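Look over the chain before reading on.

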Amino acid sequence: MLNKVTLVLSIFSVLLVTELSAQNVYFTGVGRALVTNDRLSDNTTDSSKLKGSGGYTLFDLGINAKATDVLRAGVILRVRNEFGGFFSDGASFEFRQLQMEGLIAKKVKYEIGDIYLKHTQYTLWNSEPIYNKYESNLFSLRRDIVNYENFFIGNAWRMQGVNLKTQLNFKNGIQSLGIRAYGGRTLRNNSTTIPDRYFYGGRLDLTQSKYFRIAGNLAGISDIAGTVPNAQVDYKNMVYTTDFDFTLDNSDNFKFVLGGEVGASHFELKRAIDTAYNEFNDFFYDLGIKGTYKPWNLTLGGSYRDVGYNFNSPMAQSRRLAAPADVIPSNFPLMNDGLTTRPIGIFETYSQERRLYNQAISTTLMSYYVQYNMVEPYGKATPNRKGYTFIAEVETPNKVFNANVEANFLSESVSEGDSVTFEKRKFTLIQGGFVFNLNKVLNFEKLIAINGGLRTESSKRGGTNTIDLSSSLIDVGLDIEVFKDLHVLGGAKIFNVQGNEVQATRDQLNQITAFNSQQFSQSQTILAAGLRYDYGQGCYFSMHYHDVSFNDKQTDRNTYKMNQLFFVFGLKF
Amino acid sequence: MKLLFRFSIAITFLIIVTVFSCTRKSTEYVGPAYISAPEGFAVMNFSSSSTTADFNPAAAITFDATFTSSVSWTLTLTGQTSGAVRIFKGISNGFTGLQWWGDHDGVYFFRKDENVTATLSFFGTTMTGQTATPIMITEAPVYTLTCGKFSRYGDFEDATKIIGANNWFPFSNPTTPIANVDQGVASAAIDYTGHPVPSVEGLQYYYIKGLGAQPTFVSGMQYTRTSSFTGLPADASQVWVNIYLYGTGDPNAGVELEYQESDFDGAPGYQGTDDDAFVARITLNHKGWKLFSFKYSDLTPSLNADFGGSGNKMHEPDRLRSWDIVVVKKTSPNSPIEVYFDYPIITVGGPFKPCH
């Protein structure tokens with residue numbers, strides 16, 4: 001505690017001193033007051049535990065001092081008070097972010113401290129676990145809160161470290177050369193057996209002209225030998241890739257892009273418990289072509305990928321959704337008189353802020369909810385996948401309508417566990433949706449938007465050990481601006497999963513050690529309606545009602561119904 | 001410009017060709033093989049050779065089973081008192097004469113006078129099978145002669161044997177006993193978090209708990225021999241030191257295991273001022289019992305000149321004479337800590353594993 005106080009005072013002192021000489025000190029802030037009222041119905045006999053309420057008020061104050069272009073120092077301090085925490089009894093004070101950034105020699109941009117990093121889909125990437133591109137604005141409002149609380153911005157991972165980048169422009173020969181390097185620590189040693197573990201990476205991005213670009217990428221994780229006296233493991237992983245694209249854009253009507261990424265990984269691990277030196281090498285390639293018909297804003301594309309079963313890229317394969325064993329529902333964690341753990345549903349994925357999402361890089365492939373991610377649980381970098389991906393997207397010039405669809409037809413490269421017939425799973429993943437701005441058709445000034453989305457997944461295998469699992473997730477949304485800045489929101493999510501699958505358990509070497517059979521016969525329906533009022537720049541109030549129905553025919557005691565009344569005031573400056 | 005463009009294309013082409021020319025090690029399948037139980041699958045018979053088991057001296061009981069088709073099966077033997085588990089797995093339409101020597105897979109040992117249930121389960125079905133009656137262990141296996149070098153009475157089953165006459169010496173510095181320390185043999189201790197400490201092997205274990213009289217050091221115990229441990233090779237990379245330690249997740253609780261040699265320096269036995277001590281330092285931030293195993297060559301030399309830091313700094317397990325367990329506070333001098341330990345054993349060729 002004393003250390004924290006000292007740290008706070010030190011930072012304030014630095015900022016104060018900086019302010020004296022600064023040309024610019026400014027503040028940013030995010031505030032939120034959130035209240036929920038929940039009800040659950042299950043097979044319980046003790047009805048007193050079927051209602052609950054919760055919420056909090058928080059304020060994140062960002063203090064930024066910008067002396068010159070050379071340095072900007074920023075800290076975000078958080079004060080949070082739990083709903084019902086009278087006289088600050090439930091209040092907490094914490095650092096949310098500490099960062100410095102600036103320019104070295106007017107050329108090299110640097111960031112130090114808490115930084116957000118993304119690289120390529122095969123090197124460093126934070127993949128979305130649940131398809132939500134076309135969900136209702138009502139759900140996305142809540143998902144934005146969850147993402148903010150868990151430090152998710154787009155596909156970046158939040159890390160602690162340093163990020164440097166610069167770009168050199170040339171007059172002749174090549175257009176520009178981008179150079180980037182980053183690094184930091186993913187794991188702190190425990191003084192005895194777990195060594196410090198560092199990540200690092202870089203990119204050289206050569207743009208030859210508007211026709212051609214090529215980049216070389218490197219991303220690695222290594223244990224630092226000697227940081228503990230009795231290291232249980234010595235881990236190293238390195239991913240090398242190159243991505244490139246050729247663009248042909250000389251016509252008024254057509255544009256073509258040929259591009260892709262190819263690369264390889266090298267993994268090695270020494271363990272104190274044995275004398276074996278474990279080493280795995282593998283590679284991937286993902287190549288495709290895309291064509292656009294400009295008058296219609298219509299793009300069609302296709303690609304082929306092959307990701308080896310030993311391709312290891314922890315920073316691209318770590319899952320955003322935590323492993324099931326680490327997840328606990330915030331509301332009603334137990335049901336049926338405390339005898340059953342309530343299963344995580346689609347509702348939690350956009351509403352639960354804590355104990356659901358993962359913010360750390362995992363060097364082993366994390367276990368996952370098969371029913372929600374059977375095809376690409378580890379994003380594009382999912383190992384042991386090969387096959388075709390096709391995309392189509394269109395947007396009318398006046399933005400009345402836009403739609404997108406992506407179809408993946410994949411299979412395993414190597415059979416998992418079938419030693420008799422060697423059958424490989426075949427996967428299908430089709431996802432897409434649309435947004436239709438009806439007000440533009442009606443020439444109505446205020447927004448009337450309808451959106452819909454669909455994702456279907458299937459995993460099938462014949463042979464000795466048959467697998468047949470399929471799921472669908474349907475999204476429907478409505479947003480009507482009835483008065484200026486007052487929106488009526490509606491939304492629905494319908495999820496179904498049926499069949500059987502087998503999930504692999506992996507060891508420290510990422511090798512499969514066991515399979516666990518799973519059966520599903522489950523449906524979930526969420527119907528929600530609400531209002532949103534924007535009462536100033538960055539300020540809003542919203543209230544929703546969510547009706548959740550979770551049916552599990554395979555395990556009847558998992559079935560429940562839940563509803564939630566939700567209020568939120570938000571502000572941002 | 002054209003030259004660079006062509007060069008870029010050539011580089012890209014080279015990379016693509018290189019990657020496409022890569023080949024993976026040919027394999028038909030990955031992961032353990034398995035076969036799901038088909039519809040109509042049934043167990044035709046399942047039995048053990050005996051309903052009692054005497055594992056001392058080493059002996060096995062056997063299991064037989066027959067199924068209607070070839071399938072991935074798991075036979076799980078579970079000790080009803082100890083919670084010990086032994087798992088056998090296979091793919092077949094049954095098994096004959098499957099031997100069990102009383103050994104275990106997890107951390108807990110099977111015990112004398114406990115019942116063991118034998119349960120068959122199969123991949124892809126919830127159907128299970130059990131033997132008609134459980135198996136009663138009349139004598140538990142003894143690993144002290146077959147699996148490694150054991151500190152005499154180091155199973156702590158007889159508290160009266162943990163005395164100086166049998167080479168066990170509780171620490172006594174600066175006073176006897178050390179102030180604010182409780183140590184001895186127990187079987188049903190309650191840890192500081194209020195949880196009962198189960199036995200990992202047999203019924204008893206040794207414990208040291210308290211604040212101690214110094215900021216870091218709490219207490220400890222030494223096992224010393226009048227001669228070196230017999231039969232240990234000179235090659236330190238072939239020798240492993242093992243001990244079971246119970247933790248409560250307290251990062252303040254630490255243990256230092258010191259392995260002391262009698263260097264060839266003229267003076268007999270281990271002398272802290274002129275011989276080597278090699279150390280493993282452990283923070284007990286785990287919960288429950290855990291087996292800690294260290295390769296002797298990975299142990300670090302003592303840095304204390306008066307306590308093992310003055311030898312030849314060579315790992316010489318064939319000169320191992322005694323060992324200490326030292327209990328220390330890691331982070332908070334004013335918070336008492338606790339350590340429970342059992343079954344210290346020195347093995348050759350790998351960490352301790354039940355054998356016969």
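Which residue follows H2(A), and is its phi positive or negative? The residue is Phe151(A), and its phi is positive, near 65°.

## Basis

This is a predicted model, in which local features need pLDDT of at least 70, side-chain atom pairs count only at pLDDT 80 or more, and totals for chains, interfaces and linings use all residues. Residues are numbered from 1 along each chain as its sequence is written, and chains are lettered from A and ligands numbered from 1 in the order in which they are written.

## Helix H2

Buried residues of H2(A) are Asn137(A), Leu138(A), Phe139(A), Leu141(A) and Arg142(A). Buried means 20 or more other C-beta atoms within 10 Å of the residue's own, with C-beta atoms placed from the backbone. Helix H4 (346–351) and strands E21 (467–483), E22 (486–506), E23 (512–536) and E24 (539–552) of chain A pack against the buried residues of H2(A).

## Two domains

Chain A is assigned domain 1 (1–99) and domain 2 (107–443); the bounds come from an automatic or database domain assignment. Their centres, taken over C-alpha atoms, are 29 Å apart.

In domain 1 of chain A, 11 residues are in contact with 9 residues of domain 2 of chain A (C-beta atoms, placed from the backbone, within 7 Å). On the domain 1 side, strands E1 (24–41) and E4 (91–104) of chain A each give two or more residues. E4(A) gives the largest share, 3 residues.

How values were computed:
Buried ≥ 20, exposed ≤ 12 C-beta atoms within 10 Å, placed from the backbone. Helix = DSSP H or I, 4+ residues; strand = E, 2+ residues; numbered from the N terminus. Contact = placed C-beta atoms within 7 Å.
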